[in-house]
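Visitor: Could you walk me through this one? I'd like to start with the helices and then move to the ligand.

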Amino acid sequence: SNDLSTFCICGGKRDEIRINSSHISKQVERLDLQQNQLEVLKSNFQETRATVKDAHSNWGDELRRLEFHIKSLEVESSSYHKLLEENRLLYNTVQDLKGTIRVFCRVRPFLPGQTDGLSTIDYIGENGNIMIVNPHKHGKDARKVFTFNKVFGANVTQQQVFGDTQPLIRSVLDGYNVCIFAYGQTGSGKTYTMNGPDLTTEETWGVNYRALNDLFEISNSRLDFIRYEVRVQMIEIYNEQVRDLLVSDGTNRRLDIWNISQPNGLNVPDASLVPVKCTQDVLDLMLIGQKNRAVGATALNERSSRSHSVLAVHVHGKELVSGSILRGCLHLVDLAGSERVDKSEAVGERLREAQHINRSLSALGDVISSLAQKNKHIPYRNSKLTQVLQDSLGGQAKTLMFVHINPEVSSFGETISTLKFAERVASIELGAARSN
Ligand code: ADP
Ligand code: MG
């Protein structure tokens, strides 16, 4: 019975050992599996660590690149500001030497089929001289010389004319006010200079489109430093009444002029003020303006030659680093025809128009020549035209007058009177410029 019990105990132990052994081998199997998983995790971890390390070093590079870029932008920006300041100083020095009023004379070519073979333009010199001749007269009275800042002969292109105007226009982006006028008798080329003969042909675009194009181009090139906004107004002054040319509903409201300088620089705050971002926006607006002018033309017979049209370009710039604001305004003015009206012939509406035109053009002449003489009192209040332009005439503002003349002998009288007006406007400035 001892043997039996020993046998039983041994059998029991053996079973226990077998169970334990299978348990152990199961655990070993599980441990092996866990070991494998650990290996996989370890290798994944190592891979991830390598990727993170790479990324970290890449980010570091990127960070260093960005820091470098920011530093170089700061350097560029400060040198740009220095340059801007130097430009301003230089510009002011040049302006002090030359004065703020410029007069350019432009001669229109003979029109197709119009030439009579005789021209009143005898000679155009290099230094802004032009000699006018009356071919029907002899002796010293037949010739007269006038001097301006520049004279453009009949063959000078729109691009060349704009080229000499460009520096003045660009100063608007530096916060200056600029006024450009087209003066001359009807048919002498005022609209040709300002608008061009045809909106669809880029080559013959006038100063207006080229100026806006240039402003967009330059403002885009300064995007890293200054953000500009350009907004446009277009008004007409007819019989001393101001009218909005950009109204889409065709309403013919009279607009008021605010004589106290407005903080936003708008003298006619009720006229539509339209933001423009590209030349196409401007072309679209011009078409509306021309259409609104044309409505008047059918009713009042060629009204465009008897009204002043004013394109006001308001530029607002914010300097990104300093946060300071620059404001500039460019006024582009196509004036009413300057021809004298025969008082014995003109009656009624025509006489009234002629009197308004005469009065406003001589008020403009008085303002410009008072500015040129640096008078204390500038007679802005004598016409709507000078009131509208008050902030852009005088002070730091720069003025350019294009005077237009015809080559035809039949226009001789008007040509002389146009050139005399221009000389009165500019003579003191030119005298000062010459003596420098
Ligand atoms: P204004 O506006 O002074 O009444 P316009 O600009 O309408 O005169 O010009 C009268 C005509 O002469 C138009 O047919 C115009 O195309 C043409 N003209 C004016 N200036 C030039 C020029 N520089 N070159 C060619 N044609 C011109
Ligand atoms: Mg015209």
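Predicted model: local features only at pLDDT ≥ 70, side-chain atom pairs only at ≥ 80, totals over all residues.

Visitor: OK, at what angle do α2 and α4 pack, and how far apart are their axes?

Guide: Helix α2, residues 158-170, packs against helix α4, residues 207-221, at an angle of about 50°, and their axes are 10 Å apart. That angle makes α2 oblique to α4, and the crossing of the two is right-handed.

Visitor: Which residues make the contact?

Guide: From α2 they are Q158, Q159, F162, Q166, I169 and R170, while α4 contributes V207, R210, A211, D214, L215 and I218.

Visitor: And how many of those are nonpolar, polar or charged?

Guide: The contact of α2 with α4 divides into 6 nonpolar, 3 polar and 3 charged residues.

Visitor: Switching topic, which residues come nearest to ligand 1?

Guide: There are 13 residues around ligand 1, and of these G187, G189, K190, T191 and Y192 come nearest.

Visitor: What does the backbone of G187 do there?

Guide: A polar backbone atom of G187 lies 2.7 Å from an oxygen atom of ligand 1. For G189, a polar backbone atom is 3.1 Å from a ligand 1 oxygen, and for Y192 a backbone N or O atom is 2.8 Å from an oxygen atom of ligand 1.

Note on methods:
Residues numbered from 1 in each chain as written. Chains lettered and ligands numbered in written order. Heavy atoms only, no water. Axes fitted to C-alpha atoms, helices over the stretch in contact; angles between N-to-C directions. Helix = DSSP H or I, 4+ residues; strand = E, 2+ residues; numbered from the N terminus. Parallel < 35°, antiparallel > 145°, perpendicular 65-115°, else oblique. Left-handed = near helix turned anticlockwise from the far one by under 90°. Contact = heavy atoms within 4.5 Å. Nonpolar A, V, L, I, M, F, W, Y, C, P; charged D, E, K, R; others polar. Near = heavy atom within 4 Å. Polar contact = N/O pair within 3.5 Å; in protein donor to acceptor, adjacent residues only side chain to side chain.
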